[in-house]
Amino acid sequence: MPRVLILLLVLIGASGLARADLHEAVAGLGSRSFDDKAQAIEQIARSGDPQATVILDALESRELVEDRANQRIVLGEKGGDGWVLKDPISGEALGTVGSRDARPVVINNRLRELIHNLRAVAALASANPLERRAAASQLVGNDDPVVLDALRERQREEDNPLVSGVIDTALNIAVLRNPDTELAVRLNAIDAVAGSLEPAVRNVLRDRFSETDASSEKRAAQKALASIDARAERYQMADTLFFGLSLGSVLLLAAIGLAITFGVMGVINMAHGELIMLGAYTTYMVQQIFPQGHEWSLLVAVPAAFLVSGFAGVLIERLVIRFLYGRPLETLLATFGVSLILQQAVRLIFSPLNRTVVTPEWMSGALQINPVFSLTFNRLYIVFFALAVFLLLQLVLKKTRLGLQVRAVSQNRNTARGLGIRRERVNALTFGLGSGIAGIAGVALAQLTNVGPNLGQAYIIDSFMVVVFGGVGNLWGTLTAAFGLGIANKLIEPMAGAVLAKIVILVFIILFIQRKPRGLFPQRGRAAEE
Amino acid sequence: MKSKINLKRLAAAGLACGSLLYGSAALAADTIKVGVLHSLSGTMAISESTLKDTVLMMIKEQNAKGGVMGKKLEPVVVDPASDWPLFAEKARQLITQDKVDVIFGCWTSVSRKSVLPVVEELNGLLFYPVQYEGEESSKNVFYTGAAPNQQAIPAVDYLLNDLGVKRFVLAGTDYVYPRTTNKILEAYLKAKGIKEDDIMINYTPFGQSDWQSIVSRIKEFGGEGKKTAVVSTINGDANVPFYKELANQGVDASDIPVVAFSVGEQELSGIDTGPLVGHLAAWNYFESVYNDANDKFIEQWHQYIGDDKRVTNDPMEATYIGFNMWVKAVEKAKSTDTDKVAAAMIGMQTPNLTGGTAVMNKNHHLSKPVLIGEIQDDGQFAVVWQTDGLVKGDAWSDYLPGSKDLIADWTKPVMCGNYNSKTKTCGGQAAQ
């Protein structure tokens with residue numbers, strides 16, 4: 001019995017002592033010097049105290065604050081008009097202070113990485129193999145002996161082949177970086193990492209190649225490098241292709257509404273870009289109305305944007321364009337005026353500042369296929385979305401009564417009227433359809449670029465370019481032109497730079513239109529020849 | 001009968017007209033007119049409209065304190081609509097028709113260059129509140145934003161010395177400010193021993209929205225083993241898609257930090273900054289700087305604009321300093337005459353918002369502290385580094401071959417904006 005007591009006392013004493021250290025370490029975070037702070041962080045992590053993770057998490061999320069009046073480091077949560085303070089070690093409530101009376105402890109990139117690495121070392125022991133693998137990946141290329149020891153220790157127990165593969169790579173890099181390792185060991189390590197696309201592997205191999213005196217090692221490194229480079233190159237081509245497809249899908253989305261209003265109806269609508277902008281602002285409004293529903297708000301935004309922009313389109317047609325059919329120059333000027341009015345209206349209602357549209361979680365980040373090839377989710381979804389919109393539009397035009405009427409009116413206005421089609425109604429609805437699709441494009445573009453009054457201007461020229469290049473009046477032409485121009489642009493860009501790539505494409509289109517004024521896929525038949 | 005009535009009306013109208021003219025003349029004598037030349041529509045409205053509000057707020061505050069020399073300040077706001085030639089026309093209108101005594105205005109360098117000949121011809125006074133590429137000093141302009149040596153050079157020093165960066169990507173929008181700044185930086189980096197292969201320069205058009213291949217090239221350039229950083233002079237709207245692409249392609253600030261010269265609190269208020277934490281910006285002011293003057297300024301701004309969420313930024317501080325200096329200079333000169341005010345401006349000191357004092361130098365540029373901040377997830381910056389003291393604004397860069405020997409000195413006996421200290425000649429505009 002007394003022994004147990006003594007043991008208990010010792011334990012309490014020990015933890016009491018650790019607590020005092022922890023207090024000191026936390027106070028050390030108040031220092032101005034980042035070196036002192038780094039030391040304090042390591043001290044906190046080493047203490048093994050259950051509060052340590054809480055403190056480091058708070059430090060990273062800016063919830064560890066300096067109470068200015070009492071000059072102490074405490075946990076602080078933003079609440080109401082100020083900070084709700086808590087003791088970092090006991091968790092005891094310390095009351096509230098004003099929002100500028102406490103300030104978060106500043107950390108920089110170095111400290112942030114230190115915390116990440118410390119956390120990764122801890123996560124190596126996680127029960128979840130995915131977490132272990134992520135932790136190991138984070139530590140690839142790290143030279144710290146403590147980290148390497150942790151990795152080695154983990155490797156002894158690791159039973160998941162994916163995780164141990166990553167740890168192997170990390171350890172082999174360390175072996176290659178160490179100048180004292182024997183040649184045979186080094187050669188083995190080179191063999192082991194030869195298939196990896198990790199940038200750290202490539203760098204260490206290159207270093208070995210230039211530094212080593214042993215010809216066998218030089219050869220091994222060279223061979224491994226060549227195979228890595230060849231693989232990386234293939235993935236880079238795939239990357240470029242994906243960039244092109246993605247740019248193409250953006251062009252397609254922007255142009256497809258115009259392909260209806262300009263291509264099918266023949267109206268030069270300079271306000272097309274502003275209809276896209278209205279769609280983007282609708283996305284913003286939907287997110288404002290459902291502040292909790294960021295994850296699914298886009299699903300509501302798509303039909304909402306279609307309705308808003310479509311309605312605006314019908315209004316423009318009824319109030320302006322209706323009077324100007326057959327007078328392209330006047331239509332151009334009038335719709336340009338409409339575009340300026342819409343821009344300034346948005347500036348007055350929403351202010352000239354850009355609005356934040358939140359990207360849902362499922363659209364952020366990238367599908368990491370390997371260290372050199374990844375597909376960003378937002379772009380990936382937009383490629384599919386553009387194709388879906390295109391197919392849906394084809395269905396509407398080919399399979400519905402409205403579609404039939406639209407095609408009839410676009411082929412020959414007077415005959416269509418003679419057959420009993422209400423031209424006025426069809427015109428308004430067609431323009432509404434094209435405008436509505438511009439609105440849908442706005443929802444997608446809001447995920448990629450700024451939502452501001454100038455959003456539309458950036459896309460109007462590209463849209464006309466795509467429609468004219470593809471052949472006025474031909475939706476498949478628009479599709480081909482959009483993807484063709486997108487991929488061509490991305491192929492030229494790495495060689496010529498972004499500015500020149502745009503110029504080259506523009507010059508190409510001008511020359512092309514000179515030779516084939518009707519675009520890639522001209523409409524044939526008597527109606528088109530007139 | 002009919003003509004009589006008409007005559008009566010005419011007389012009445014004439015009288016009304018006359019009294020109106022008299023009234024406005026009387027008003028003019030009692031007020032000092034302040035011209036505000038910032039775009040309220042068009043592409044630049046996003047940045048410039050805030051500065052218009054700042055000037056109006058300062059005027060309101062000054063009037064509440066009793067105005068200047070016992071006269072009320074009267075703002076004259078015009079909208080040059082982001083249209084560069086219109087800037088020149090509106091400046092001419094402000095000076096000749098509205099008879100303003102001072103103009104606060106311009107943002108882009110091209111708008112300043114278009115206003116420059118007008119203020120020089122009409123001997124007006126312009127306060128320019130934005131960081132710019134330097135290589136200019138006019139008798140009629142006071143530059144209260146940063147010159148390259150007060151922003152770009154210290155930022156690169158930080159990257160070289162504190163972060164140990166060995167490779168640099170200089171990415172910018174394709175126009176005069178990034179091109180000149182990058183030329184200076186390239187010369188500076190080479191002087192510091194960075195090899196040509198380790199510098200990548202990339203320009204993109206205005207409003208670039210597709211950054212996929214550029215970010216992927218930066219990633220590749222940075223994956224070659226040496227610590228790499230991006231120095232960004234990307235302007236305005238193009239930043240949002242650039243940062244979004246960085247985040248999506250997983251370029252982390254601890255791998256490849258981006259230090260930006262055109263991204264401040266206001267630009268960040270349009271994006272979700274969660275994935276950008278740790279990227280850097282160099283300015284002379286951050287909203288997050290803690291001191292009483294800044295607290296007071298922020299509170300005043302929130303009250304004036306009626307929105308607690310509106311942020312403050314560096315050009316607003318530059319406007320604040322410029323306005324306060326002008327007020328003090330007018331009081332010192334006891335006149336609003338351009339030459340007298342300009343002479344009184346030199347050596348003028350007013351408090352800045354980072355707890356120090358701004359000093360106007362002989363070359364019409366300020367002495368300022370340089371701060372480097374890291375982006376936080378609330379859209380603010382945390383200061384991670386700052387210069388020990390004030391850095392004097394240098395109008396003519398020491399790192400460009402053409403301007404190495406040039407200085408600007410608007411005091412006697414030099415009185416010249418680009419004086420060659422070797423040949424002892426004045427290359428441009430000189431005061432008579």
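The model is predicted, so local features are given only at pLDDT of at least 70 and side-chain atom pairs only at pLDDT 80 or more, while totals for chains, interfaces and linings use all residues. Residues are numbered from 1 along each chain as its sequence is written, and chains are lettered from A and ligands numbered from 1 in the order in which they are written.

**Stop 1: a strand in chain B**

Select residues 167-173 of chain B, strand β6. Strands are DSSP runs of E of at least two residues and helices are runs of H or I of at least four, numbered from the N terminus. Seven of the seven residues of β6(B) are buried (20 or more other C-beta atoms within 10 Å of the residue's own, with C-beta atoms placed from the backbone). In a regular strand, side chains alternate between the two faces of the sheet. On one side of β6(B) are R167(B), V169(B), A171(B) and T173(B), and on the other F168(B), L170(B) and G172(B).

L170(B) has V231(B) as its bridge partner in β8(B). β7(B) also pairs with β6(B) in the parallel sense, over six bridges, and there G172(B) is partnered by Y203(B).

**Stop 2: two helices in chain B**

Select α3(B), residues 84-97, and α4(B), residues 109-121: their axes are 8 Å apart, at an angle of about 35°. Axes are lines fitted to C-alpha atoms over the stretch in contact, and angles run from 0 to 180 degrees between N-to-C directions. Among the contact residues are W84(B) and F87(B) of α3(B) and V115(B) and V118(B) of α4(B); contact is C-beta atoms, placed from the backbone, within 7 Å.

**Stop 3: two helices in chain A**

Move to α14(A), residues 377-399, and α15(A), residues 401-411, which pack at about 80° with axes 5 Å apart. That angle makes α14(A) roughly perpendicular to α15(A) (65 to 115 degrees). V396(A), L397(A), K398(A) and K399(A) meet L402(A), G403(A), V406(A) and R407(A).

**Stop 4: between the chains**

Show both chains. The contact takes 43 residues from chain B and 43 residues from chain A. On the chain B side, the elements giving two or more residues include α2 (45-64), β7 (199-204) and α7 (212-222). The largest share, five residues, comes from α7(B).

Technical notes:
Contact = placed C-beta atoms within 7 Å. Parallel < 35°, antiparallel > 145°, perpendicular 65-115°, else oblique. Buried ≥ 20, exposed ≤ 12 C-beta atoms within 10 Å, placed from the backbone. Pairing = 2+ DSSP bridges.
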